[in-house]
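Please read the points below beside the sequence and the model.

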Amino acid sequence: KFSDISAQIADMGAENIIKSLGAENWEEREARFLCRCSRKKAADAVLALGRADAYALLEERGKIEVRCDDCNTNYTFGREDLAEIFRGKEAL
């Protein structure tokens with residue numbers, strides 16, 4: 001259980017727990033989040049809508065916005081963007 005682990009860390013300290021597991025070479029590092037979203041991935045999401053639905057959404061809202069749920073980056077696509085996304089994708 002996480003509560004058991006938390007209690008052990010509180011009692012022994014993280015460094016002592018790591019040493020007790022046999023770790024010899026370790027260093028502290030800052031934990032950080034790295035999102036791998038991109039405009040290309042957002043464009044792929046628009047492509048997945050299909051041409052008809054994408055253009056219908058564009059007409060309804062004036063633009064298409066795709067927001068990354070991980071980092072909250074917004075990617076906005078207009079008419080010219082859709083033309084580029086669907087270029088050569090006649091079957092979609």
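1. The protein has five helices and two strands, arranged along the sequence as α-α-α-α-β-β-α, where helices (H or I, at least four residues) and strands (E, at least two) are DSSP runs numbered from the N terminus. This is a predicted model, in which local features need pLDDT of at least 70 and side-chain atom pairs count only at pLDDT 80 or more, while totals for chains, interfaces and linings use all residues. Residues are numbered from 1 along each chain as its sequence is written, and side-chain values use heavy atoms, with hydrogens and water left out.

2. The C-alpha trace spans about 60 × 25 × 20 Å along its principal axes, and of the 92 residues 18% count as buried, that is, under 20% relative accessible area with a 1.4 Å probe and protein chains only.

3. In helix 3 (residues 39-49), the buried residues are Ala-42, Ala-43, Val-46 and Leu-47. They lie on the same side of helix 3 because they cover an arc of only 150 degrees around the axis, taken from the directions from the helix axis to the C-beta atoms. Their cover includes helix 4 (51-61), strand 1 (64-67), strand 2 (74-77) and helix 5 (79-86).

4. Arg-39, Ala-43, Val-46 and Leu-47 of helix 3 meet Asp-81, Leu-82, Ile-85 and Phe-86 of helix 5, a contact being heavy atoms within 4.5 Å. The residues of this contact of helix 3 with helix 5 divide into six nonpolar, no polar and two charged, with Ala, Val, Leu, Ile, Met, Phe, Trp, Tyr, Cys and Pro counted as nonpolar, Asp, Glu, Lys and Arg as charged, and the others, Gly among them, as polar.

Terms used: Buried < 20%, exposed > 50% of the residue type's maximum accessible area, 1.4 Å probe, protein only.
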